[in-house]
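Let's take a walk through this one together, starting with a charged pair and working towards the core. Have the model open as you read.

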Amino acid sequence: MDPLVLNRYLADQLSDSEREEFERRMVESPDVLHEVEAVARLKVGLFALRSSGDLDAIIATQRRGPQTNWFALA
C-alpha cells in the first residue's frame, strides 16, 4: 500500500479513476481496508489530541526523554 495514495484518498484528493481503483482494492483485500481504517483512526486520534492541547504535552514529554532517578543510581 502506497502511503501517499492512502493519505490522498483520506483527504479526498484522488481523481475519480484513482479513487475507483483504490476502493476496488479495498473491496478485494481486507488487509487494505484494515490499513485504511487504522490510518483514519490514527488521524482522528491525533486531531483530537491536538484540539485538546494534549498532543503538545505528549511531544514535549517525549523530547525530554526518560526521567532518570539519580537517587537510585547512587
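**Charged pairs, then the core**

Arg24 is partly exposed, with a relative accessible area of 36%. Keep in mind that this is a predicted model. Arg24 pairs up with Glu28 in a salt bridge, and their closest N and O atoms sit 2.5 Å apart. Both residues belong to helix α2, four places apart, or about one turn of the helix. Glu28 counts as exposed, at 54% relative accessibility. Glu21 joins in too: Glu21, Arg24 and Glu28 are linked in a network of salt bridges.

How many salt bridges does a search of the whole structure find? The count is four. Another one is Asp16 with Arg19, at 3.2 Å between the closest N and O atoms; these two are three residues apart in helix α2, about one helical turn. Then there's Glu18 with Arg8, at 3.0 Å from N to O. Glu18 is in helix α2 and Arg8 in helix α1, so this pair ties together parts 10 residues apart in sequence.

Now for the greasy side. The largest nonpolar core has six residues: Leu6, Leu14, Phe22, Met26, Val32 and Val36. Helices α2 and α3 are the elements that each give two or more residues to this core. Leaving out residues up to four places away in sequence, Val32 touches Met1, Arg25 and Met26.

Finally, helix α3 covers residues 30–52 and reaches 33 Å from its first C-alpha to its last. After α3 comes Gly53, with a positive phi near 90 degrees.

Technical notes
Residues numbered from 1 in each chain as written. Predicted model: local features only at pLDDT ≥ 70, side-chain atom pairs only at ≥ 80, totals over all residues. Heavy atoms only, no water. Expected span 1.5 Å × (residues − 1). Core = buried A, V, L, I, M, F, W, Y, C linked by side-chain atoms within 4.5 Å. Buried < 20%, exposed > 50% of the residue type's maximum accessible area, 1.4 Å probe, protein only. Contact = heavy atoms within 4.5 Å. Salt bridge = Lys/Arg side-chain N within 4 Å of Asp/Glu carboxyl O.
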